[in-house]
Amino acid sequence: MNGEPRNDIHSGNYSGGFRNPVFDAQGVFRIVLDALARPGTILPLDPRTKPPRELPPLAADILCALVDPDTSIFLCPSLARAAGTADWLRFQTGAPLVKTPADADFAVAANPEDLPPLTQFGPGTSDYPDRSATVIVAVSGFAGGMPVALSGPGIKERQPFSPNGVSAAVWQQLIANHGLYPRGIDVIFVSREAVAGLPRSTAIEIGEA
């Protein structure tokens, strides 16, 4: 971690990280890899952190498992305004927080409406497509949203997917993101108790599978 916390850790401002850091981080990492390998598959995951109220716990879990002082985080507007969220993430991960999406290795949004245009995130380059952003988006659930059909690597047949709160405009941005492949951002959706991956390699068609 970078330096000492600015407040007493016993005050509670910096509590709520992984109780068993190695075990918890490995467990979350495996679930995230599985989610990205099987796009649109809903994978249960119990929260292992207790972040500030505005930061979705599974988003916090993923950031605590995947980021470090060499990776940067962008908080979408409502989270950037939330008291204590930035300091908690700095303490738990050591990662720098950036003010613009283009500078982010990871980004997190408390809901789909909080996302800036996806074109503002770094899609990687032709030589280094892996230098793209991963965007974590919290949703209220994975049933009842606008239905789309997913296809591509990791999907045997067309995969139905309907996370709550994702508008047609956001789906159109994600369709355009797939058009950049092998460049493009990867997206991880999180609810209160499950995750689902949507890598750039996945084709999206609006409508029922």
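**Entry 1. Confidence**

I began with the protein chain, which averages a pLDDT of 92, with 93% of the residues scoring at least 70; pLDDT is the predictor's confidence in each residue, from 0 to 100. This is a predicted model, in which local features need pLDDT of at least 70 and side-chain atom pairs count only at pLDDT 80 or more, while totals for chains, interfaces and linings use all residues. I number residues from 1 along each chain as its sequence is written, and side-chain values use heavy atoms, with hydrogens and water left out.

I then looked up residues 1-12, where pLDDT stays under 50. For this stretch the model has 13 contacts beyond four places in sequence, a contact being heavy atoms within 4.5 Å.

**Entry 2. The seven-stranded sheet**

I traced an open sheet of seven strands in the order E1-E9-E8-E5-E4-E2-E3, and noted that its pairing is mixed. Here two strands pair if DSSP finds at least two bridges between them. Helices (H or I, at least four residues) and strands (E, at least two) are DSSP runs, numbered from the N terminus. At the edges I found strand E1 (43-44) and strand E3 (97-98), each pairing on one side only.

I next followed strand E9 (residues 194-198), which four bridges join to strand E8 (residues 186-190) in the antiparallel sense. A hairpin of three residues connects E8 to E9. Among the facing residues, I recorded Val190 opposite Val195 and Phe189 with Ala196 as its bridge partner. E9 also pairs with E1, antiparallel, over two bridges; there Leu43 stands opposite Val195.

Helix H1 (residues 21-37) lies across E1, E8 and E9, at about 45 degrees to E9. Axes are lines fitted to C-alpha atoms, for helices over the stretch in contact, and angles run from 0 to 180 degrees between N-to-C directions.

**Entry 3. Nonpolar cores**

I looked up the largest nonpolar core and counted 29 residues. Such a core is a set of buried Ala, Val, Leu, Ile, Met, Phe, Trp, Tyr and Cys residues joined through side-chain atoms within 4.5 Å. Ile62, Leu63, Val108, Val190 and Val195 touch the most other members. The elements giving two or more residues include H1, helix H4 (85-93), strand E4 (106-109) and E8. Helix H2 (57-66) is also on that list, and H2 gives the most, with six residues.

I listed the residues that Val108 touches, not counting those up to four places away in sequence: Leu55, Ala59, Leu63, Phe74, Leu75, Cys76, Leu79 and Ile136. A second, separate core has 28 residues, including Ala104, Phe161, Val170 and Ile185.

**Entry 4. The three-stranded sheet**

I turned to an open sheet of three strands, in the order E7-E6-E10, with antiparallel pairing. Strand E7 (159-161) and strand E10 (203-206) are its edges, each pairing on one side only. The twist averages 30 degrees from one strand to the next.

Strand E6 (residues 148-151) is joined to E7 by three bridges, and I found Val148 opposite Phe161. Helix H5 (residues 168-178) lies across E6, E7 and E10 and runs at about 150 degrees to E10.

Notes: Buried < 20%, exposed > 50% of the residue type's maximum accessible area, 1.4 Å probe, protein only.
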